[in-house]
Amino acid sequence: KPGEQKHPKEPSSLQCMHLAVVACGDRLEETLIMLKSAVLFSNRRLCFHIFAEDSLKPEFEKKLKEWPSSYTKKFESNIYPITFSVGNAQEWKKLFKPCAAQRLFLPVILKDVDSLLYVDTDVLFLRPIDDIWHLLREFNSTQLAAMAPEHEIPKIGWYSRFARHPYYGTTGVNSGVMLMNLTRIRSTHFKNSLIPGGLTWEEMLYPLYQKYKNYITWGDQDLLNIIFYFNPECLYVFPCQWNYRPDHCMYGSNCRGAEEEGVSILHGNRGVYHDDKQPTFKALYEVIRDFPFEDNLFQSLYYPLQSKFLDTVHTLCGRIPQVFLKQIEKTMKKVYENRVIVYLGANHRY
């Protein structure tokens with residue numbers, strides 16, 4: 001209407017939280033369970049960026065469409081082929097695990113995305129993504145990525161004992177959960193061991209890999225450690241409860257943040273969702289996998305989890321169940337209040 005003031009519409013890239021994952025081989029189910037945990041608990045809209053082998057694309061599309069509309073309206077998804085912009089694609093593809101090196105190229109591929117949370121397929125969210133997304137606001141002017149330490153105790157950490165290449169800090173960092181300000185990454189010149197002047201992210205990747213390829217064990221994670229060794233001012237380090245792995249409890253509890261606040265993001269590396277070595281991790285995975293979307297969270301998710309945990313108290317990780325349950329219980333209470341009390345009225349009893 002004439003004279004009516006128009007408010008500029010916020011671009012959709014700012015309205016949603018961007019989540020990226022790389023899935024190859026037999027990781028379809030694991031990736032879908034991770035995405036399910038993200039949708040179950042998050043508040044703001046999500047944009048999924050799924051990088052997958054061509055054979056997996058139709059499966060992802062089919063499975064995501066099967067979710068109920070009350071959940072599918074909370075996210076949009078894009079599925080991309082596996083591509084590497086510099087160097088030898090076959091070499092990158094085989095580095096460490098199939099396609100894992102794809103994450104190094106996210107700033108180059110997703111040119112229109114400002115910030116992004118990258119996670120491995122074996123990650124489960126036990127609280128809203130909104131909470132880790134807020135950490136972007138805590139970056140200072142030089143920080144452009146955030147990760148958790150690889151270990152809390154240097155004397156039993158992998159990097160401090162075995163690494164034959166530079167790594168960040170005293171224990172190195174784990175790249176399974178990585179928050180990235182892509183805009184800053186694209187515009188920064190990084191110090192490095194190759195040339196005296198700085199290199200852009202894309203310029204640096206392949207030469208860095210060529211220089212250190214005979215010394216790296218954990219593939220792209222090692223390359224990230226090397227990058228942030230030379231550029232420590234660029235990294236924000238978040239605490240271990242945001243990337244909680246079997247290492248944090250299988251040698252005795254060594255993640256104080258999880259003991260105080262509960263696990264925020266569970267990272268079931270070493271294949272623990274699929275064997276019987278760490279039944280606590282497997283229990284969480286199976287309960288989220290089997291949760292029928294429209295059911296009551298406490299009845300169909302929290303109570304089965306509690307009873308499964310009773311069977312794991314004989315294990316090192318299972319003897320501290322509150323570490324695993326504290327945050328998810330808090331999250332469920334909030335979700336319950338939002339969905340049940342708001343929609344059905346405060347007097348309604350479930």
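Tutor: Start with Arg-270, which is in the loop between β9 (265-267) and α13 (279-290). Helices (H or I, at least four residues) and strands (E, at least two) are DSSP runs, numbered from the N terminus. This is a predicted model, in which local features need pLDDT of at least 70 and side-chain atom pairs count only at pLDDT 80 or more, while totals for chains, interfaces and linings use all residues. Residues are numbered from 1 along each chain as its sequence is written, and side-chain values use heavy atoms, with hydrogens and water left out.

Student: OK. What is the phi of Arg-270?

Tutor: Arg-270 has a positive phi of about 65 degrees, although it is not a glycine. Most residues other than glycine have a negative phi.

Student: Is Arg-270 buried, exposed or partly exposed?

Tutor: Arg-270 has a relative accessible area of 47%, so it counts as partly exposed. Buried means under 20% relative accessible area, exposed over 50%, and partly exposed in between (1.4 Å probe, protein chains only).

Student: Now the sheet. What is the order of the strands?

Tutor: The order is β3-β2-β1-β4-β7-β6-β8, seven strands in an open sheet with mixed pairing. Two strands pair if DSSP finds at least two bridges between them.

Student: Which strands stand at the edges?

Tutor: Those are β3 (75-80) and β8 (235-237). Each has a single partner strand, so one side of each has no neighbour in the sheet. On average, neighbouring strands are turned by 25 degrees against each other, direction ignored. For such angles, axes are lines fitted to C-alpha atoms, for helices over the stretch in contact, and angles run from 0 to 180 degrees between N-to-C directions.

Student: How do β1 and β2 run?

Tutor: Parallel: seven bridges join β1 (residues 17-23) to β2 (residues 46-52). Met-17 stands opposite Leu-46 in β2.

Student: Which helix touches β1, β2 and β3?

Tutor: Helix α3 (residues 57-65) packs on the sheet there, and its direction makes about 170 degrees with that of β3. Contact means heavy atoms within 4.5 Å. Another helix, α11 (residues 220-230), also packs on the sheet and touches β6 (145-149), β7 (173-181) and β8. The direction of α11 makes about 65 degrees with that of β7.

Student: In which sense does β7 pair with β4?

Tutor: Antiparallel, over five bridges, with β4 covering residues 115-119. There, Met-180 is the bridge partner of Leu-116. β6 and β7 also pair in the antiparallel sense, over four bridges, and Ala-146 has Leu-179 of β7 as its bridge partner.

Student: Where is Tyr-118?

Tutor: In strand β4. Tyr-118 is buried, with a relative accessible area of 3%. The side chain of Tyr-118 makes a polar contact with the side chain of Asp-120 at 2.7 Å. A polar contact is a pair of N or O atoms within 3.5 Å; within protein, one must be able to donate a hydrogen and the other to accept it, and residues adjacent in sequence count only if both atoms are side-chain atoms.

Student: What else is Tyr-118 in contact with?

Tutor: Beyond neighbours within four places in sequence, its contacts include Val-22, Arg-103, Ser-175 and Met-180.

Student: Where is Arg-103, then?

Tutor: In the loop between α5 (89-94) and α6 (106-109). Arg-103 counts as buried, at 5% relative accessibility. With neighbours within four places set aside, its contacts include Tyr-118, Asp-120, Asp-220 and Leu-224.

Student: Last topic. How is the chain divided into domains?

Tutor: Into domain 1 (17-238) and domain 2 (271-347); the bounds come from an automatic or database domain assignment. Their centres, taken over C-alpha atoms, are separated by 26 Å. The contact takes 20 residues from domain 1 and 20 residues from domain 2.
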